[in-house]
Amino acid sequence: MTALRDALRELPEAVFADVLESDDAYLLVFDLPGVSAESTDVRAERGRLHIEARREKELPPEYRYVREDRSLFLDAELPLPPDASDAGAEATVDRGVLEVRLPKRESAPERTIPISDA
């Protein structure tokens, strides 16, 4: 989990992120003002979470930018916790808040391993 926390610290200052954990899943929450489901792509592969998001702004046709602060384009690759699974993962965006739910892998049940004399 330390690698994930370190990677979250590297995100742009405009992006706030939280990691929550339950017994059966992780919930990653990203504040990405102005993004929508259409302007966001999330995928998990090979133990990494890839997020691409961009803020879409409506500009009235009679105006042009003199200065633009707070533009947002996020292209992040984050390591997943070792027990996180992309099978059954879900993501939602609501008013610029991206939530990614990653179930935990079920651990193998404990079992006794037989030992024989050599």
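This note reviews the charged contacts, ring contacts and strand pairing of a predicted model.

1. Basis. Local features require pLDDT of at least 70 and side-chain atom pairs count only at pLDDT 80 or more, whereas totals for chains, interfaces and linings use all residues. Residues are numbered from 1 along each chain as its sequence is written, and side-chain values use heavy atoms, with hydrogens and water left out.

2. Salt-bridge count. The model holds 5 salt bridges, the criterion being a side-chain nitrogen of Lys or Arg within 4 Å of a carboxyl oxygen of Asp or Glu. Side chains of opposite charge can pair when their charged atoms come close.

3. The helical pair. D6 and R9 form a salt bridge with an N to O distance of 2.6 Å. Both belong to helix α1 (residues 2-9), where a spacing of 3 residues separates them by about one helical turn. Helices (H or I, at least four residues) and strands (E, at least two) are DSSP runs, numbered from the N terminus. D6 is partly exposed at 36% relative accessibility, while R9 is exposed at 61%; buried denotes under 20% relative accessible area, exposed over 50%, and partly exposed the range in between (1.4 Å probe, protein chains only).

4. The cross-strand pair. R48 and E77 meet in a salt bridge at 2.5 Å, N to O. Because R48 lies in strand β4 (residues 48-54) and E77 in strand β5 (residues 73-79), this contact ties together parts that are 29 residues apart in sequence. R48 is partly exposed, with a relative accessible area of 30%, and E77 is likewise partly exposed, at 43%. Elsewhere, salt bridges with shared partners join D41, R43 and E45 into one network.

5. The side chains of E45 and R43 are linked at 3.8 Å, N to O. E45 is partly exposed at 34% relative accessibility, and R43 is partly exposed with a relative accessible area of 34%.

6. Strand pairing. Strands count as paired if DSSP finds at least two bridges between them. Strand β3 (residues 40-45) runs antiparallel to β4, joined by 6 bridges, and V42 has I51 of β4 as its bridge partner. The hairpin of β3 and β4 has 2 residues between the strands, and R46 adopts a positive phi near 50° there. β4 and β5 are also antiparallel, over 7 bridges, with R48 opposite P79 of β5.

7. Charge over a ring. The charged end of K104 sits over the ring of Y26, 5.0 Å from its centre; the test requires NZ of Lys or CZ of Arg within 6 Å of the ring centre and within 35 degrees of the ring normal.
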